[in-house]
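Dear colleague,

Please find below the sequence and structure that I would like to hand over to you. My notes on what was found follow directly after them.

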Amino acid sequence: MPDALEGSRTGCGILYGPAFPIGQSRVSSYQRVTENYIEEFDAYLHHGLSYVPQFTPQSIGSPGKIQILETILDHVDQKRDQIRICTCEELLNQA
């Protein structure tokens, strides 16, 4: 059986080979990405942990992806009575 990675590496070591399993997308759907963020937030809330997502223009700044951010923020807003929103500096000074 040939090596699945054979011929799929570039000079910088990034794998651009075919999707595995064959026929499946290598990129998650926006819906699944949104669900992951919400599941993570809910888990952090359940365990009383600080949730610190990072949304950069590169990761969330396109017209299609802005809906992900809006949906996540709507979900967080629904839990506002259970959470505290603050800056990292405010969190540090609290300790």
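**Findings: a helix and its surroundings**

Histidine 75 has its place in helix H3, which spans residues 66-78. Please bear in mind throughout that this is a predicted model. Histidine 75 counts as buried, because its relative accessibility is 14% and the cut-off for burial is under 20%. When neighbours within four places in sequence are left aside, the contacts of histidine 75 are Ile38, Phe41 and Asp42.

As to the helix itself, H3 consists of 13 residues, and the distance from its first C-alpha to its last is 19 Å. That is close to the 18 Å expected at 1.5 Å a residue. Its buried residues are Ile68, Leu69, Ile72, His75 and Val76. These residues lie on the same side of H3, because the arc they cover around the axis is only 130°. Gln67, Asp74 and Gln78, on the other side of H3, are exposed. H1 and H2 are among the elements that cover the buried residues of H3.

Leaving aside neighbours within four places in sequence, phenylalanine 41 is in contact with Tyr51, His75, Val76, Lys79 and Ile83.

Turning to the aromatic residues, a search of the whole structure finds three aromatic pairs. In one of them, the ring centres of phenylalanine 41 and tyrosine 51 are 5.5 Å apart, and the planes stand at 75°, so the pair is edge-to-face. This pair links distant parts of the chain: phenylalanine 41 belongs to helix H1 (residues 30-46), whereas tyrosine 51, ten residues away, sits in the loop between H1 and helix H2 (57-60). Tyrosine 44 and tyrosine 51 are also edge-to-face, because their planes meet at 65°, with ring centres 5.4 Å apart. Together, Phe41, Tyr44 and Tyr51 form one aromatic cluster.

With a relative accessibility of 32%, proline 53 counts as partly exposed. The C-alpha atom of proline 53 is separated by 9.5 Å from that of glutamate 40, and the two residues are 13 residues apart along the chain.

Finally, a word on confidence. The protein chain has a mean pLDDT of 80, with 72% of its residues at 70 or more. Among the elements of the chain, H1 has the highest mean pLDDT (95) and H2 the lowest (82). The pLDDT is below 50 over residues 1-11, a stretch that has seven contacts in the model beyond near neighbours in sequence.

With kind regards

Notes: Residues numbered from 1 in each chain as written. Predicted model: local features only at pLDDT ≥ 70, side-chain atom pairs only at ≥ 80, totals over all residues. Heavy atoms only, no water. Phe/Tyr/Trp six-rings, centres within 6.5 Å; stacked < 30°, edge-to-face > 60°. Helix = DSSP H or I, 4+ residues; strand = E, 2+ residues; numbered from the N terminus. Buried < 20%, exposed > 50% of the residue type's maximum accessible area, 1.4 Å probe, protein only. Contact = heavy atoms within 4.5 Å. Expected span 1.5 Å × (residues − 1). Arc of directions from axis to C-beta. pLDDT = per-residue confidence, 0-100.
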